[in-house]
Amino acid sequence: MSKFLRAHRVFAALLAAALAAAAVWLACRWVGYDLQQRLGNEPVYEIVNDEYSQIVDLPEDGGLIQEIPLQAGQAFYGVRLRFSTHDQLYKSGMVMVDVYNAQGEQLLQSAGNFLNIFNDTFTEFTTERPYMAAQDETLTVHLYNAVPWDGPLGLWASEGEVDGMALYNGADGAQALDATLAVQRVRDYSGSWPAELAAQLALPLAAAAFAAVFLAVLHAPLALLAAAAGLCLGLGFLRVTPALVAPDEYTHLAAAYELASVWGGQQPSQGGKLLVRSCDAPYFGTKTGEIGIFAYKAQAQARQSEPDGPDRLTEISGAEAGQGSGSYWAQAAGIRLARSQGKNFYTMLDWGRAANLLVYLALAAAAVALAPAALRGLFAAAALLPMPLQLAASLSPDAAVLGTVFLFTALCLSLRAQPGRRWQLALLVLLGAAVAPAKAIYLPVVLLCLAIPPEHLDPRRAPAQASVSLHGVSVRPGRLVQAAVLALAAGLWVVSNASALGYAARDMSTPMLAAAALAALAALAVLCALYLRVRADAAKRRRFWRGVAVAAVLAVAGGLFAFSRMGGGLTPDQLLEVQPNGDSVWTFSFGYICRNLPATLKLLLRTLPEQGALWLQGLLGTTLGEPIVYRIDVSWLLGVGLVLALLAAALPTAESAPLGRCMAWGTAGMLACVALAVLAAALNWTPINYQTLFGMQGRYLLPVLPLALLLLRAQRLVALRRSAAHGAALAVALLTLLTQLQGFALYAAWQPVS
């Protein structure tokens, strides 16, 4: 059999992929069955009359008629009535409940028998299809016996009529009983939706399993595996993640919606508030979306039946205008297209999410394709993790940032191994320029271009000499390319983040900070000039770097000392100022940190054991949605599996080239700088009376995950006989699939903590 399968590799791949898809389909069916048993046929009710002190027996002839009010816009799924069997255990009997609207149309016909009607217990009579009242009206509930009962069947009722809800005896309603039944309106009903919603996941997830297994068994290009499996898994996340539940998605929706309005030549705002279509107005605000089976159901129904709306901005929403500070062009393109087609809100949201997903997959697949062959598995595994795919299948601009950093990192590592073409050099400059303003904390990654040998960045095709002369100075063209990358990135970074830097340094002397920045630039120029003089002598070069290290330590110590005395501190009265929720009105700034280094260190030391596990979950994506609002944590076994798969992707083979000491130290330095930048950003929005960091999430470290895995690979403590790239990427894809399945079940079954 083994020999046959090797000879018929395509057949073996198809067979394995088909079996994997069948297993995933069965898993979806199981999830649907399990959810249906736990969540199906559950009512959500509203009390109509809760006054009852007597029992009215159901007459054998004609039954009872109860009137109940229904207001305009209310949904009616049925009624709940409180029965009494007079403390007897019946063995036969059946009661019918018919409900009619004001026009005499039958809305419901349901039966109850001795198996589901118990003494002094409410029993619901429901329908799958709701009735929506166009205007205020009165419904008529007719109760009668279809099969005689062993004994009298009673219903609890009030003594006297309540709020005009009359109760009548007989089918013709001829006799008023001066009473009102204890009745509740079923305003929502889960019905068979748990199984139906789980079945909707079967197609994308089975397709993801089929594509991942088929391409992995055939050892197809990893870029193709990442694109195909990522697309199917991303489409699954479109349904798994409820609307506006992805991290900060309500903010991203407002920003993308505003940009789409600008592209359409419309006035996007009025009085600082976002202008929206009338069909979109109920969904805009500053609140994370709802989760649970009823939220899933409402969104699925709205996609199918909610009316479309013309692209006219007629309503002032509750969302603030001017929130767009990131890359929202992909999301805005999807929203713009949906609005031009007149699609309803949830369809518009899906199109914006799908556009974001496609952009991320294009960048991630390009990163895998451009990476050195030995590192493609590492990038593919990182790209297929649950967290990046969850972000990509939402409106988050972090997906584009993540794909851009992945692509820049892969291109730098590729150019380090082989000379680049002109288009690659141009792409390097463009990506460096895109990484810097995309998110401030990732600027250190741009330094990775310095790891590329300058001869690999020479744009000349057949240079006669390795260097060129500029005003008497001999310079390699590759150094000029690196300088262009760094200068453009630094300039755009300052322009994009000037206001944020000003806020972070709000309690420090601006002139002194400017003088310190100029001094740092002058010192950098001097160091570059010195390096050009000593680079040819190995001994002098070593002494130079040792001197740079000592100078850096002294500069940091001296800078902290100077910053701690730059500007005034908070007075005792200011330290006690708090907001209504108890948070201090002051957050950690650069000046406050420098003046209170011990307190800042204590806060970080308390944070690590308390939030460290959550950071890892956020990095992998085993905690879903917005963790500050909803903690949807999947099994830790999935997290362990993802970590092992990433480690397998990072392990080198015996013939892999070593990373090199300088590259390893440089990579470690970049990782440390990004980590410090992330901590500084989190401190900047943490109130000073907090004991731990606020808002720190592991997903902020996701763009530098390939660099961390590369550093791990450089240790070469364990080497594989052959590459595990395809197996690792396949394992990550399948574990991401299982994360979606369990995440969907947790989202659906979520109940608020009382």
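## About the model

Because the model is predicted, local features need pLDDT of at least 70 and side-chain atom pairs count only at pLDDT 80 or more, while totals for chains, interfaces and linings use all residues. Residues are numbered from 1 along each chain as its sequence is written, and side-chain values use heavy atoms, with hydrogens and water left out.

## Aspartate 98

Let's start in strand β5, residues 94–100, where aspartate 98 sits (strands are DSSP runs of E, at least two residues, and helices are runs of H or I, at least four, numbered from the N terminus). Aspartate 98 is buried (under 20% relative accessible area, with a 1.4 Å probe and protein chains only). It has no salt bridge (a side-chain nitrogen of Lys or Arg within 4 Å of a carboxyl oxygen of Asp or Glu).

The nearest side chain of opposite charge belongs to arginine 129, 17 Å away (Lys and Arg count as positive, Asp and Glu as negative; His and the chain ends are not counted).

## Leucine 431

Leucine 431 counts as buried because its relative accessibility is 8%. Beyond its neighbours within four places in sequence, leucine 431 contacts Thr404, Leu407, Phe408 and Leu411 (heavy atoms within 4.5 Å). Its C-alpha atom is 8.7 Å from that of valine 485, 54 residues apart along the chain.

## Tryptophan 636

Finally, tryptophan 636 is found in helix α19. Tryptophan 636 is exposed, at 65% relative accessible area (exposed means over 50%).
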